[in-house]
Amino acid sequence: MKVTIHKLFDYLLETTSAEPPECFIGFSLARSPQLKDFLPDLDPDLSLDWNGTSFLGLPALRQRVLDQAGLRLSPDSVLITAGAAEANYLLFRQLLTAGDEIVTEAPGWPQAGVMATAIGARLVEVPRDETQGWELNPEAVARAVTPKTRMIFLTNPNNPTGRLIREADLRALATLADSHGIWLVVDEVYAGLEWAGARPPSIAGLTPFGITTGSVSKALGLQGLRTGWLICQNPQVIRDAMILRENGSEIMNVLGEHIAEVALRPERLAAALAQARKQGAATLDRLETFVAREPRLSWHRPEAGLIGLARVEGTDGESLARALLQPPYRTFLLPGSAYGLPQHVRIGAGGGPEARLEEGLGRLSTLLRSGQI
Ligand SMILES: Cc1ncc(COP(=O)(O)O)c(C=O)c1O
């Protein structure tokens, strides 16, 4: 079946084709570096043919991917992809067939639902508990598994709540996947900016059924490189994904591979994460103070990453988001309806000064207190 649009992309398409907003309270990625930041480390004689070495991706980059995830696996367990989005896409298409069931979290990344519908698989959603800070209960995931389940798809940190699945729960989920022989895909695209404890282990290291997806898009702000990965101990999963990719984008973007390899060098990575942490912690503190002072908003501060969900009183999230986009406010945030949560909005602390967060918050406060909505 044809792939159809989901609410999140529909809203983005609609609102980005209108008058551009002046302020953003919704950026999900750290401030993006510029090309000049990488030029000294790039070889001007680099051939712009494919990497000439491997259809899995540049070997040095695959090693860096494993290193940043703390995984001691073979570099052949990594496939470089056009972002985590393509990595997920390849997995949905190659591992699911019509009639299968896929268990996922709600709220979660809408790609799972879109792809399940297109494939003819049944999406089984396990609710995250808002009263428990959007916790995911692994026992509820286990209860959702049936003989038809082929895959569990989760995000860690969670998009949109920023909640973490901690190591003990990941281990319980890995045991669940092992005992049923089902794929456990964990999208770790938001990893690297953990505020509550250490970065949880990558699922690809915990079980041969674990598949990690990720990219340089979020904590490093390098979304435009379109460079991500999937990691799995099972060579057939890597091969099947590579075969599907050959029929789509064929090979990797060689410039993206080289810049990502530089960005993931340990000293560069540590400096970039330290900077993103400093900025992210400060803007999250600011969001926290803001929400505490707004009687119509409440939230659970994200445990990781730069986005979280706020509950809105007295109106719904979409009415608020749409009114805020209009003059004189001209400020963007994402309605929770993009995640099936009409009473929420997604707010974010990324993007750097260009997002004009402070001004945007002022405008949001004015609107919330205006009696207009
Ligand atoms: C959970 C999740 N997965 C994947 C993606 C896509 O990221 P990438 O730029 O790595 O393709 C996003 C982007 O917002 C995301 O939030």
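Let me begin with the conventions. Residues are numbered from 1 along each chain, as its sequence is written. Because the model is predicted, local features need pLDDT of at least 70 and side-chain atom pairs count only at pLDDT 80 or more, while totals for chains, interfaces and linings use all residues.

Now the domains. The protein is divided into domain 1, which is 7–33 + 268–368, and domain 2, which is 35–265, with bounds that come from an automatic or database domain assignment. Their C-alpha centres lie 25 Å apart, and the contact between them takes 28 residues from domain 1 and 31 residues from domain 2, where two residues are in contact if their C-beta atoms, placed from the backbone, lie within 7 Å. On the side of domain 1 that touches domain 2, the elements giving two or more residues are α9 (266–293) and β10 (307–312), and α9 gives the most, with 8 residues. Helices here are DSSP runs of H or I with at least four residues, strands are runs of E with at least two, and both are numbered from the N terminus. By class, that side of domain 1 has 16 nonpolar, 7 polar and 5 charged residues; Ala, Val, Leu, Ile, Met, Phe, Trp, Tyr, Cys and Pro count as nonpolar, Asp, Glu, Lys and Arg as charged, and the others, Gly among them, as polar.

Turning to the sheet, in what order do its 7 strands stand? The order is β2-β8-β7-β6-β5-β3-β4, in an open sheet with mixed pairing, and two strands pair if DSSP finds at least two bridges between them. Strands β2 (78–81) and β4 (122–127) stand at the edges with a single partner strand each, so one side of each has no neighbour in the sheet. From one strand to the next, the twist averages 20°.

Strand β5 (residues 149–155) and strand β6 (residues 183–187) pair in the parallel sense over 5 bridges, and T155 stands opposite D187 in β6. Helix α3 packs on the sheet, touching β2, β5, β6, β7 (210–215) and β8 (228–232), and its direction makes about 45° with that of β8; such angles run from 0 to 180 degrees between N-to-C directions, with axes being lines fitted to C-alpha atoms, for helices over the stretch in contact. Strands β3 and β4 are joined by 6 bridges and run parallel, with V103 opposite V124 in β4. Of the 6 residues of β3, 5 are buried, a term that requires 20 or more other C-beta atoms within 10 Å of a residue's own, whereas exposed means 12 or fewer and partly exposed lies in between, with C-beta atoms placed from the backbone. Helix α4 (residues 111–119) lies across β3 (101–106), β4 and β5, running at about 155° to β4.

Leaving aside residues up to four places away in sequence, the contacts of L184 include I152, L173, F209 and I211.

Finally, the backbone.

In general, most residues other than glycine have a negative phi, and most peptide bonds are trans.

As for phi, R330 has a positive value of about 45° although it is not a glycine; R330 sits in the loop between α10 (317–325) and β11 (331–332), and R330 is partly exposed, with 17 other C-beta atoms within 10 Å. R356 has a positive phi near 50°, lies in the loop between β13 (344–348) and α11 (357–368), and counts as partly exposed with 19 C-beta neighbours inside 10 Å.
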